[in-house]
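Thank you all for making time this morning.

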Amino acid sequence: MSDPAITFIVGVGRSGSSIFNEVLVTHPLVSWPSILSSRWPDRPGYNRALMRGLDVPLLGRVLGRYFEAHECYPMWNHGFPGFATPCRDLTAEDVTASVRQRLRRLLHAQVTRGRPHLVAKITGWSRLSFLNAIFPDARFIQILRDGRAVTSSMLKVDWWTGWHGPPAWGWGALTPAQQEAWEQSGRSFIALAAIQWQILMTAAERAKPELDPARYLELRYEDVCADPVGCYRRAVEFAGLPWVPRFERSVRRTAFRNENTKWQRDFTPDQQALVNRLLGDDLRRYGYLVEA
């Protein structure tokens with residue numbers, strides 16, 4: 001079998017990429033890494049067997065209830081030990097011949113003849129340059145979300161590492177300007193979460209010029225919520241997949257919720273002003289309104 005088509009879903013955590021991916025992988029021609037890929041990263045055949053099972057009448061319906069798409073960092077770490085938690089974005093310079101061979105073998109082994117298109121999601125660092133060097137024909141869909149909403153959401157999850165401060169948070173050192181802004185905020189955790197969004201978005205922007213524009217698509221999560229069918233049509237066409245009734249039904253029965261104004265209820269007026277001040281230029285670049 002020839003190399004599978006691959007589409008990567010990337011985005012800053014808490015950006016809506018999870019639900020976007022959950023729906024996209026319901027396409028009947030798509031394979032995807034599951035928890036089996038995490039538990040047995042060196043046994044991709046287990047996940048391939050699951051993909052075959054999904055196409056068996058009745059059995060597939062049962063399997064679909066118990067298995068869902070995962071980011072599967074143990075699988076990625078099996079191919080490249082630093083993939084899950086690097087202190088900076090991964091680039092093409094990090095790709096060795098052996099890493100390229102291992103990761104291509106791992107991902108290609110996930111698919112079946114009936115599901116020849118692989119969709120895999122990762123969050124945090126985009127790793128666009130790294131993945132592009134290994135999979136030069138892959139397509140990338142980046143899910144964007146208002147950085148203020150991401151900031152608010154980051155502060156509500158127990159896995160956010162910003163509570164440890166920049167020296168130990170895993171996202172690298174702050175620039176002098178970011179350090180000064182954080183200090184001036186009184187070392188506000190709200191400011192730090194906003195800066196994290198900024199760091200990750202900046203890293204993705206830095207990697208984008210390496211990609212063929214025909215293989216890169218940006219979708220704002222707010223637009224997905226407003227027009228799910230239209231946005232998924234764009235995504236499916238971009239990925240080279242057919243638009244089929246079964247998939248359209250999956251899109252239509254999913255409840256997408258745009259909670260981008262929730263940050264305004266979560267933050268005081270002073271906190272809102274702080275985030276707007278920190279992220280204003282970046283937000284405007286992506287088409288988000290910022291009050292003066």
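**Rings, cores and cysteines**

The count comes to 18 aromatic pairs, where the rings of Phe, Tyr and Trp (its six-membered ring) pair if their centres lie within 6.5 Å, with planes under 30 degrees apart counted as stacked, over 60 as edge-to-face and the rest as tilted. Before I go further, please keep in mind that this is a predicted model, in which local features need pLDDT of at least 70 and side-chain atom pairs count only at pLDDT 80 or more, while totals for chains, interfaces and linings use all residues. Residues are numbered from 1 along each chain as its sequence is written, and side-chain values use heavy atoms, with hydrogens and water left out.

One of the pairs is formed by Phe-8 and Phe-135, which are tilted, at 5.6 Å centre to centre and with 55 degrees between the planes. Phe-8 lies in strand S1 and Phe-135 in the loop between helix H7 and strand S4, so this pair ties together parts that are 127 residues apart in sequence; the helices (H or I, at least four residues) and strands (E, at least two) are DSSP runs, numbered from the N terminus. Both Phe-8 and Phe-135 are buried, meaning under 20% relative accessible area, with exposed being over 50% and partly exposed in between (1.4 Å probe, protein chains only).

Another pair is that of Trp-160 and Phe-189, whose ring centres are 6.4 Å apart and whose planes are at 90 degrees, so it is edge-to-face. Trp-160 sits in the loop between helix H8 and helix H9, and Phe-189 is in helix H10, 29 residues apart. Trp-160 is buried at a relative accessible area of 3%, whereas Phe-189 is partly exposed at 34%.

Ring pairs also link a cluster, whose members include Phe-8, Tyr-73, Phe-83 and Phe-135. Over the face of Phe-83 lies Arg-127, at 4.5 Å from the ring centre, and the charged end of Arg-139 sits over the ring of Phe-238, 5.6 Å from its centre; the rule here is that NZ of Lys or CZ of Arg is within 6 Å of the ring centre and within 35 degrees of the ring normal.

Let me turn to the nonpolar cores, each a set of buried Ala, Val, Leu, Ile, Met, Phe, Trp, Tyr and Cys residues joined through side-chain atoms within 4.5 Å. Which residues have the most contacts inside the largest one? They are Val-12, Leu-174, Trp-197, Leu-278 and Leu-279, in a core of 33 residues. H8, H9, H10 and helix H15 each give two or more residues to this core, and the largest share, 11 residues, comes from H10. A second, separate core has 32 residues, including Val-23, Val-25, Ile-143 and Phe-256.

Finally, the cysteines. A search of the whole structure finds zero disulfides, a disulfide being a pair of cysteine sulfur atoms within 2.5 Å. For Cys-225, the nearest cysteine sulfur, that of Cys-231, is 9.0 Å away. Cys-225 is buried, with a relative accessible area of 14%, while Cys-87 is exposed at 52%. Cys-72, in the loop between helix H4 and helix H5, is buried at 3% and has a positive phi of about 55 degrees although it is not a glycine.
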